[in-house]
Amino acid sequence: MSDNLEKQFEPRIVAFFCNWCTYTAADLAGTARMTYKPNVRVIRIMCSGRLDPQFILKAFREGADGVLIGGCHPGDCHYQEGNYKALRRFTLLKRFLKSMGIEPERIRLEWIAASEGDKVQKVINEMTEQVRKLGPLNLEPVSLIHAEPARSNHNTQPVMAKGGAS
Amino acid sequence: MSVINAKSNGTPKVGVYVCHCGINIAGKVDVQATVEFAKTLPNVTVATEYKFMCSDPGQELIQKDIKNGLVDRVVVASCSPLMHEPTFRRAMSDAGANPFLFQMANIREHVSWVTLDKAAATDKAKALIAAAVKRIVLHRPLEKTKVPVKPDVLIVGGGIAGIHAALTLANAGRKVYLVEKEPTIGGHMAKFDKTFPTLDCSACILTPKMSAVRTNPNITLWTYSEVSQVEGFVGNFKVKVTRKPRYVKEELCVGCYECVEACVFKKGIVKDEFNVGLSRRRPIYIPFPQATPLVAVIDPESCVQIKRNKCKKPCVDACERDAIDFNQKEEIKEIEVGAIILATGFKTFDASRISRYGYGKYPNVYTSLEIERMVNAAGPTGGEVHLANGEKPKAVGIVHCVGSRDSKTNAYCSRVCCMYSLKLAHLIKERTGAEVYNFYIDMRTPGKGYEEFYDKLLKENVHFIRGRVAEISDWSTIMDEEGKLVIRVEDTLIGAVRRIPVDMVVLSVGLEPHADADSVRRMFNISCSHEGWFLERHPKLAPVSTFTDGVFLAGACQGPKDIPDSVAQAGAAAAEALVLVDKGFVELEPNTAYVQEEFCSGCKTCVGLCPYSAITFDDRKNISSVNGAMCKGCGTCVAACPSGALQQNLFTDEQILQEIEGVISYV
């Protein structure tokens, strides 16, 4: 960031965007050259229903200050109803985060359709400022979950903690 | 199972290729710095840059490194994967590598085009590259599954676009189902008298195509029908079509009008839809003389027999062929098709929404569609343009951009109004000799012969006044205005407010998506722009495709279009559909879910979650298994599996977790 400005806290935000609506909308925002804050890093998943709550916990553990989730509007899911499942898991996780001492404002779920490039811009800017206000997320050095990432290899054991909200 | 055993000997060798995209990326991202950064990442054996990675020399860079054994996995940092993922996967295949050992980092749409600060853009690009490198190490070789494609095509909407697409496909030897909501095909074009700019007779060029639809053995035409359910996926759609009862047997009726003449109502009692309410029709009717199919239809809302079961039924007696059947029921047809073309068209803007223009208040304020019917020789007035009292107008005002280019209604330009306003100006002047005033914001005449038509109208002494009309009223201030409609407008070329008294006002209404466009698009699982037009996959390079493979768009359902553009797009959609069904198979993305049997605890959580019933439970082994052919790859089951037994190809937990680490930990 610019050196001549007073150094302000730059939050790191991880976003999970579904392939069909929100990721496409983010592409559209790009094509339309809608500039926005550089703090959000987007990870593409096929459907917001793929969002395992442990991804969000993992992001926080790795040092993210906020997590943004984008899916298709209710009724518009490319896979019929994955976004509803995302909403269910999100709602539960939000309560869980609160009890862990993480402000629920650090996670946000937005429905953004493929044509809503302007909404991507708006949400990312808002989210960045919101998390900036909250300040850095200082987790205890002891890891909160035992989510050791190693599972696809068949010779390792599955992780213990997985948000089981289905 | 679509996984091939990975034969990677030893550590993975990752190649990172950063694209400049001319200055699209390099103008904001320090490409050299990202390359240097990539070199420091674990497992990266090659990191390099090139001006245009998607060009042939760019792809050859990758292919050479693969062939020389320098890399076995590839990360390209360039544009969106939705843009060029297929390009690079093909390049990898051609070089003998598995195309799924590939990952894109989107540093154009998501970085260089949206970030102001260069340093921040470079940091963000580095983070996305790091994430891709971390994840690619865990990629495994996969294979696409081939699924056969049903040979038939469904076309929804029987306007000019649907008709043209149907004939194109039928002439190519394909079997086509053409479904139309109204009792006849023809759409809006059938209502017009003349078409711009050639002024050729609309019916003369449309009706031969309509009858070709009826006689073509490859086309199954279902009018008065609507698609009620769509299931399946590209190449294999299962569609239910609801055929409303028309109470007249289509195979027996010859369209002789005897039943219509015999109806107990000797005059029309309901507004004639085809004449946009300018005339009235009887409960039993044929929409217009060239209707296709030329079959009578009984409107259940107004027919006494259907409503009250108390009619002498003279129509039944009049029909020599016993075609009338009051017991007809709704019929559901089930078809299987490989591709679908949506050509559902548009509706015109409801002019009464702009109350200051007085539509619905003053009888001599008409919409352009009403005038289209009025100037039509087969229309309600036999081609005469007259006022509500039957007199010929001496002065007519045509107001452009009603419901277009207005942030209060529709911000977009409806594209056709300038041209049809010119056409109507010409026709009204020709039929009545009246003074015609056009009130426009800008004249938009981009098309072959369009500007010339505008010139012709200027020479015909039609008046053009530049300014958006403020108000239309019957409030007169001077003698000349008495009994007239006064159009108040700021003439922006002379910089003065003018009051123009006229006898008749034509509101050139814009085009809007159908009221049910939203439910239609949901049924076909496609997207809409925020105005409600169906969204194309790419505005330039895939203008007739949608985000749902196998569903294509034609005509004004995708956005306002004139007839030549609708026909051109219908031809394009037909060609796209033909490519799909002629190929005979589709290759499905192998991003399906799979069960790691040794971890499955048999809890069945996943079984009920799958929207496609792709998961079955094996009671004997007490585990779930995924049917790869039915799985669409959403990953909902994977996220829910409490024991981590379910995984999704290309999106395993591990790959995503590594991606999360990547985007955060390096920069």
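**A first look around**

Mentor: Gladly! Pro245(B) is buried, having a relative accessible area of 15%. Keep in mind that this is a predicted model.

Trainee: Is Asn364(B) buried or exposed?

Mentor: Asn364(B) lies in the loop between strand E19 (347-348) and strand E20 (365-367) of chain B. Buried means under 20% relative accessible area. Asn364(B) has 16% relative accessibility, so Asn364(B) counts as buried.

Trainee: Which backbone nitrogen does the side chain of Asn364(B) reach?

Mentor: Beyond four places in sequence, the contacts of Asn364(B) include Leu387(B), Ala388(B) and Asp503(B). At 2.9 Å, its side chain reaches the backbone nitrogen of Ala388(B).

Trainee: Moving to chain A, which are the edge strands of the open sheet?

Mentor: In chain A, 4 strands form an open sheet with parallel pairing, in the order E2-E1-E3-E4. An edge strand pairs on one side only, and here these are strand E2 (40-45) and strand E4 (107-111) of chain A.

Trainee: How many bridges join strand E3 of chain A to E4(A)?

Mentor: One example is Gly71(A), whose bridge partner in E4(A) is Trp111(A). Strand E3 (residues 66-71) of chain A and E4(A) run parallel, and the number of bridges joining them is 5.

Conventions
Residues are numbered from 1 along each chain as its sequence is written. Chains are lettered from A and ligands numbered from 1 in the order in which they are written. This is a predicted model: local features need pLDDT of at least 70, side-chain atom pairs count only at pLDDT 80 or more; totals for chains, interfaces and linings use all residues. Side-chain values use heavy atoms; hydrogens and water are left out. Helices (H or I, at least four residues) and strands (E, at least two) are DSSP runs, numbered from the N terminus. Buried means under 20% relative accessible area, exposed over 50%, partly exposed in between (1.4 Å probe, protein chains only). A polar contact is a pair of N or O atoms within 3.5 Å; within protein, one must be able to donate a hydrogen and the other to accept it, and residues adjacent in sequence count only if both atoms are side-chain atoms. Contact means heavy atoms within 4.5 Å. Two strands pair if DSSP finds at least two bridges between them.
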